[in-house]
Each structure stands twice: as C-alpha cells, then as structure tokens.
Amino acid sequence: MDFAKLFSLEGRVAVVTGGSRGIGRMIAEGFIAAGCERVYITARKAAVVEETAAELGPKCIALPGDISSLAGIEALAEDLAQRESRIDILVNNAGVAWGAEFEDFPEMGWDKVMNLNVKTPFFLTQKLHGLLKAAAGEHPAKVINIASVDGLRVNPWETYSYQASKSALVHLTRRMAARLVSDNIIVNAICPGAFASEMNKAAAKNPEASSRGIPLKRIGNLEDMAGGAIFLASRAGDYVIGTPLPIDGGIVNAYIPADHISPLGE
C-alpha cells in the first residue's frame, strides 16, 4: 500500500460551491494542500470570491455567480464545461439559514432555504453529471454534500426550514448515492458541527461559549474540516457510500445533557 497516495488528490479537479469563506474555504484550502490541480470556488459576492482565490493561490479559480436559481446553476455548469473536460470532485456547500418564531416564520424564509440547501445540490449535480462521469475512470468521481448536525438531531433554535433542509439533504445524499454509484460516482455528506463561519456567527465571535455543549470542548477548525473532506474525496474514502459523516466534536453521537447524568447506580 502506498500511504502517500491513499489521501492524495494529486491532479484532480474540484468544484466547491460557497467556497469563498467558512467551511467552503476550509475545504478548498485542504484540497489544494492535498494536491488538486485546480479548485474552482463559487459564491455570489464576486469581490470576496476573487479575494479568496488570490489568497489560496494559482490553483484556486474564482467563478462568481448565484446558484440559488436553475438559471444560475445552468450558467455555472456551462462555464465549467467550457473550461474542463472532467470534474473529479463536487462539493455542494453553498447554503443559507433562517430563524424566526413559529407564529411569524415567513414563506420567504422557507423557500429561500429549501431552494439553496436542497434544490441546488440536486440540480447542480445533475447538470455536472456528464463531467463527473468523464472523471470516473481510474478512480471514482466524488460528490460531497455539506449538510449539518441539525440534519441528524433537533437543535434548540427556531430554524424550521434550515433543519428540514439539512435532514432532506442527508436523505437526498443516500438516494443520489444509490443511483450514481452505477456511474462510478460516489456521493456522501458531511454534517458539520460548530465551525467559525458567517452562518455560525456565535462560534466565530465567541468560540469558548460555543464549546460548552461540545463533548470535545472546542469548536472545529481548518484541519478538522479539511481532513474529513480529503478523506471522502480521496482513495481513502472510496468504499464509503451514501454516508452522513458528522464532523462535530461529538455533538451527535457523544453528547449527554448534564441534567441526564446521574451517579453510578442511581
């Protein structure tokens, strides 16, 4: 076994949506460090995307655009098809959240979240299906959907459409995996916990407070997220299919509320 090649992404072409900051940027940076030939990042704010690409170096290419609509998805897919004959890795990371009390939760807060968090990953993968199949030769192509721990358990906040969307994305990952494995395209999901990002402002502004409910007693960092994404994208993850991988410091599988802990024997 060649251990160096087990986690290598040498020569591969990746696309990371929402790649200009937060978790998307962490994944893009990790892919470049693991040897990707090119990593395309996309997001709505052109200046931010261009700035991030410049910071990550010549292997990172900015493709600004809005993929919350089918027209935007098709435009991105067409742009990529003009630049590349194959895509080895697609990371569906772009997402949005919305919080409001139950009585006041607006239709806009439902539709915007469900469109970007569920519809976009499906249709972007669909539109890039040909480029992913073209890459699925010597090694399988990979699709990684970025869901959330909130898709695996209930959180304490009134983020109804966000939780519904991330739960849907976890199950959509399984359904897509069942179909696309026949094309040698492997689909998995990452379910992040607390990472500093624009979406998780609490973790970004006060990581110590955000760490209190995490069994590992810290929020996630670049190495945590990049490591998980590289595992799934590389040869190391080739036999993992349709799986939601929590990268969360134990929130989903190792958290016991303090008021549920009692002395032995009681």
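Mentor: M1, F3 and F7 make up a nonpolar surface patch whose accessible area together is about 410 Å². The model is predicted, so local features need pLDDT of at least 70 and side-chain atom pairs pLDDT 80 or more, while totals for chains, interfaces and linings use all residues. Residues are numbered from 1 along each chain as its sequence is written, and side-chain values use heavy atoms, leaving out hydrogens and water.

Trainee: What makes a group of residues a nonpolar patch?

Mentor: Each member must have over 30% relative accessible area and no salt bridge, and nonpolar side chains (Val, Leu, Ile, Met, Phe, Trp, Tyr) are joined within 5 Å.

Trainee: Why is F3 called exposed?

Mentor: Exposed means over 50% relative accessible area, buried under 20%, and partly exposed in between (1.4 Å probe, protein chains only). F3 has 54% relative accessibility and therefore counts as exposed.

Trainee: Why is T42 called buried?

Mentor: Its relative accessible area is 3%, so T42 counts as buried. T42 lies in strand 2 (residues 38-42). Beyond its neighbours within four places in sequence, T42 has contacts (heavy atoms within 4.5 Å) with residues including V16, V49, L63 and L76.

Trainee: How many disulfides are there?

Mentor: A disulfide is a pair of cysteine sulfur atoms within 2.5 Å, and the count by this rule is zero. C60 is in no disulfide, as the nearest cysteine sulfur, that of C36, is 10 Å away.

Trainee: Is C60 buried or exposed?

Mentor: C60 has 6% relative accessibility and therefore counts as buried. C191, at 0% relative accessible area, is buried too.

Notes
Patch = residues over 30% accessible without salt bridge, like charges linked within 9 Å, V, L, I, M, F, W, Y side chains within 5 Å. Areas by Shrake-Rupley, 256 points an atom, 1.4 Å probe, with all protein chains shown as cover. Salt bridge = Lys/Arg side-chain N within 4 Å of Asp/Glu carboxyl O. Helix = DSSP H or I, 4+ residues; strand = E, 2+ residues; numbered from the N terminus.
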